[in-house]
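Reader: I am new to this structure and would like a close look at a single part of it, followed by some idea of what surrounds that part. Please take one stretch and describe it carefully.

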Amino acid sequence: MEFSEHILTPKIEETRLEGPDISPVFGTTCLTGHHLIFYSHNKENKEYWILHRNVDSVEKRYSLDKNVLVLKCKDFKHYFLSIVKQEEANNVCNSIEILSNQTKSSYQYPFFFRPKFSIPEDGYDLFSVEKEFQSVSSKSDQWRLSNINITFDVCTSYPSQIIVPASITDQEIRKSAKFRHGGRFPVISYLHQNGRAIMRCGQPLTGNNNKRCKEDERLVNCVLGSNHRGYILDTRTLQSAQQARAKGGGFESEYNYPQWRKVHNSLQKCAVQQESFVRIVEACLDQSSSSEKWQSKLESSSWLSHVRDVLAAACLAAQCIDREGASLLVHGSDGMDSTLQVTSLAQVILDPDCRTIRGFLSLIDKEWIQAGHPFMDRCFHSVFSNQRIRSEGPSFTIFLDCVFQLLMQFPCSFEFSVQLLCELQNHAYASQFGTFLFNNEMERRNHKLRTKTISLWSYLLSEEALPTLINPVYQSKEGVIWPSVAPQSMHFWDALFLPKLDTSTTIRAFVNETLSEIGQLQNELLDLKQEVGNLEKLAADADGVNDVEE
Amino acid sequence: MEHIKTPKVGNVRWLDNHSRNSTEGTLYLTATHLIFVDVQRNKETWIVHTHIQSVEKLSIGQAGSPLRIRCKTFQVLTFLITQERDCHDLYSSLLKLSKPVKIDDLYAFSYNPRGEQLSQQEGWDLFSLNNDYMQMGLPTRYWKVSRINNEFGLCETYPRLICVPSLATPALLMGSAAFRSKRRLPVLSYLHENGSVIVRCSQPMAGLNSRSIEDEAFVDLIRRSKSGPDDFMYIVDTRPMLNAVANRAQGKGYENTDLYENIKYHFLGIENIHVMRNSLNKLLDACEDSTNTVGAWLEAVNNSGWLKHVHNVIQVSRFIAHAVGKENRSVMVHCSDGWDRTAQTCSLAAIMLNPHYRTIDGFLALVQKEWLHFGHKFTHRLGHLDGDPREVSPVFTQFIDAVWQLMRLYPCSFQFNEQLLFDLHDHAYSCQFGTFLGNCAKDRQVHSLTSRTYSLWGWMMKRLKSYTSPLYHAVEQHKPENKLLLPPKLPHCVRFWRAMYNRFDKGLHPRQNVTAIVKTLYDETAKLTNDVASMRKRRNQLRQKLGFETQKNELTPQGDVSPMSSPSHKATTLRSKSPTLVKIPRRPASTDDVQSLAPPQAEPQTLRHAVHSTPDIASISSNKKPSVSIGGALVQSSDLVVSFSTQCLSDSDEEPVANSNNVVTEKQLESAPEEQQLPKRKILIPDELAGGPDHEVEIPESGWDLIQHKVLDPSVNGVVGAPS
């Protein structure tokens, strides 16, 4: 294998490992193409496997008597590996740095991973555009399934099959796609039970000359149906939308889209959010800070502000649909980050199905993976990397944090627990599963992802994982949930950022225990009832006999 | 009432603080309450005058005159009143009514619990100091309960019963008291199972170069009043060092470690009452501002310093708990007068150290002891009466906040929930009950509160059901690894308590309540357990009738409940028992001892459920005379025997108290025969008392004749009424 050229020292004796969940232990360190494996030399002979892809950066802390490598992982855990010889430490460091930054697609671990758990259903089948189309056409007959993007030539970041308005021809769609950033023409994201739709797209390429596209206008207008009212939610400020015109982008003019009202709800760009992400994790890991310093870091990181802003924008979107009874078109500049945050969260707020486990995973499939959120670019590095941030950004993490906020405010409306959100976060950054690999459907097709890797959903829905992800106090599907977005109502996501201080697991374990007790009691009661029934019958028979005898 | 000019104002709009909503209705002003009744007469909102912190007339608008009322419960009400004159009348009436001048004007003296099954005597004798001392296993070889302060002659702001080293002479106590600010000499606050103690006092009158030989000897005696090697003791000065130094100029200050032997001195930097008052005010301003962005909010919270102060209080308490529980060292705690920061940290440390104080009974008893008996100046600090505003400070609120922080970190370790903290906080301010009136035990005696007012404890005992946390693991608490709660040092773990400071802004809180569901689940378990039991009974009857043989395991003492077959029977056995049974003896010598001594009512694993069932609230309060109070005392008696018998050897300045009416004695006698069958136990007596190197002395376990003299009479305690 080609990996071997990067592994200068495959095996080192007398090393020492320490981590947040490992008390210091001596053992042997081995390097393979995808893992650092540590065989401990204590009684249990435990093995620790650290996926190279999970290592965000390696820091050398060398002193006279020991050489420590700090492996800073994408799940925010730090592991300390002590190696006696400096040369060996250097070799390990270099190897991990190269192997963890491996960009060549076919070298990615998911292509090598073989699961040990049984797969009752293939997670890649959980969501399909056909199923989605069935659901849409059960509510409305104005849509059709188009193969327009089958060769990915209309839009590289859209899936091959797309649901489009029945009254619009493929030819018109092609023209609309040329008028939108990245070819991301308006597509349906969600159809509410009242018939109103959320659509999403890239910014229109109006440029400085206020170009217009009749086909695009027709495409957008035909979702309005009879009520003729709609909102365009632009996730940029008016100013930055205007500035975008100089670069060929822009926004819909009210003159050309007269039935639409424009709303600007500014959400921050990826780079800004990434900066914030780095700072919040740093603040959480700082064990020495005073109360004042921690609070000021929490504030200056702006993390909770971003979370609140996205949540507020999603509430606004949901309000347009449910309260105003108007349809909605959402876009930012390229329609792959803040746009998806808003449309997906609005669905969590509006649609109780999205609050079930399967529904939520399908939503992520539909609104993030299929919709072309570039996971590979956004999650290539996490918060510890020294390399310059190129396209990294925590859009997905912020979305998950917003779902966490909803879960905190409506703890009984979600079938899943916060654990699922943490799993999704960690797997988005480093995983043995193929689900979050690559940037879009086209790349996934080219690498035959479906056949060559295992879906994360297969694992999450397996008997092994599922029970740990279920929210034991899930009550029922109720309609729309309206959260509070006041600053006092924002919760800090302890389970992700400060797992040591998280108490949700304790409570969940307690409830689970009580539930299993109830189950046992119910069974016992059932058995007893049956037995008593039989006995009563016998007794009645005996009484009957007695009566006759008397 | 002469202050009420307009008893009724119609056409009032109550404006919501966080939205544009408002409710129309009528305001009524009575001698004790301000009442808002909405137009549909669906809902009445009662505000007791003593809860009113401030009244403010806002600038007049077109729609009328707005009147803003801020309450000590953190409720902020804004009423829009049509007529300016009405608004002004209300304003001036409320100003007067919310600041009574004489203690006799307080609501407690006119309160009548209509519609509640509450009698005036109820609750006053629930938590006596005596019981708490017994709960800790006092007296012991080293510590005795002294009545030297029976007439408040030693210290005016201490209770009548104090606990001091058994070798302390009255002269030593008087000498030490004379050298301490407000004569608050070092006395025992908490005795841990390992023999280490928390002792509380006020600052010494050290000045620039004063000293007191008696105080030095007394502190040294405290240091040596534990078994184990002769080692140093901590003195925790909860103040910032600067404040302590400043006090020296006024003839007060701190202990000179050159004069006090073997002391490690720590200044732990909790700010004074004025800083805390300003801090909370800033926090409340931020809470009230509904226009804040997340950034501005977080900044305002940080600027208020409130979380920093709460964190600091918790960390100082943690230091004490760590010293006592982990390092096995005694700690002497003081601040300036030893009634604010000292009360906070001593009681929080006790909560961390001992699961008993995390039960409802234990927690309320702790408040009664550390705060009420030891003279936290409630009437001054909470501003019950019109007085010096500089004396007012939210020290008690801060303590409750700190308890909540612990509850948040350890959700399964507390028997009580947030509701108990709310009620405790609100009624400390409301003056509806006599419990929190006055500044110290002597004050309360002077005003005859126990006969003239109702007790909050009696009222709360009727509400136990709403106070129990369904998450509480009673048994888990007594596992060694769970006994001591040492909260993380990280400041990250202290959070803003939205449910307290924004309590009345309903829109800001989670819309669904997990604990409510957990409670339903719990009730479901109880119901099913009941059904299973009755079904099983029915089956057995039928079997008998039909002449079938009943299965062997059905014939156990538990009657209908088959043992061990499934964990589900836990609840039935105990469902009707009161939660006091949950008390686990504080210092069982070994688990075997517990089992042999305890009446076989409860298997350990049943305990958790016993707490939740609390089905019969009335019975709890009536049972809660001293007799049951130490359901644990029954169990504990073997320890008592040891301590009493050794105690007698050294104790001379205490008259024996014999009291045939003493319920505790009777109860203990009932179980005496059991005791007598116990084998003799060996105990270790350290050299200073036994006069030689460690040697073992055999002491008969059944020293019952001795005990009867020594059991303290609950009626001695000034605050607590004699058992009826």
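Author: In chain B, strand 2 and strand 3 form a hairpin with three residues between them, where strands are DSSP runs of type E of at least two residues and helices are runs of H or I of at least four, both numbered from the N terminus. Strand 2 of chain B covers residues 22-29 and pairs with strand 3 of chain B in the antiparallel sense over five bridges; two strands are said to pair if DSSP finds at least two bridges between them. Within this pairing, B:Thr26 has B:Val37 of strand 3 as its bridge partner.

The model is a predicted one, in which local features need pLDDT of at least 70 and side-chain atom pairs count only at pLDDT 80 or more, while totals for chains, interfaces and linings use all residues. Residues are numbered from 1 along each chain as its sequence is written, chains are lettered from A and ligands numbered from 1 in the order in which they are written, and side-chain values use heavy atoms, with hydrogens and water left out.

Strand 3 of chain B, residues 33-38, is mostly covered, since six of its six residues are buried, buried meaning under 20% relative accessible area, with exposed over 50% and partly exposed in between, for a 1.4 Å probe and protein chains only. In a regular strand the side chains alternate between the two faces of the sheet. Here B:His33, B:Ile35 and B:Val37 point one way, B:Leu34, B:Phe36 and B:Asp38 point the other way, and all are buried.

Strand 4 of chain B, residues 44-48, pairs with strand 3 of chain B in the antiparallel sense over five bridges, and B:Glu44 in strand 4 is the bridge partner of B:Val37.

Strand 10 of chain B, residues 187-191, is largely enclosed by the rest of the structure, because five of its five residues are buried. Four bridges join strand 10 of chain B to strand 11, residues 197-201, and the two run antiparallel; across this pairing B:Val187 stands opposite B:Arg200. For residues 123-501 of chain B, an unreviewed UniProt entry gives the feature "domain: Myotubularin phosphatase", and such annotations may be inferred rather than shown by experiment. The end C-alpha atoms of that span lie 29 Å apart, and the span is 46% helix and 8% strand.

Turning to chain A, the secondary structure comes to 19 helices and 14 strands, and buried residues make up 59% of its 550 residues. Seven of the strands of chain A form an open sheet in the order 4-3-2-1-7-6-5, with antiparallel pairing. Its edge strands are strand 4 (47-51) and strand 5 (55-62) of chain A, each of which pairs on one side only. Inside this sheet, strand 2 (residues 22-31) and strand 3 (residues 35-40) of chain A pair in the antiparallel sense over five bridges, with A:Gly27 opposite A:Ser40.

Another open sheet of chain A has five strands in the order 10-11-14-12-13, with mixed pairing. Strand 10 (187-191) and strand 13 (260-264) of chain A stand at the edges with a single partner strand each, so one side of each is left without a neighbour in the sheet. Strand 12 of chain A, residues 230-234, runs parallel to strand 13 of chain A and is joined to it by five bridges, and A:Ile232 stands opposite A:Lys262 there.
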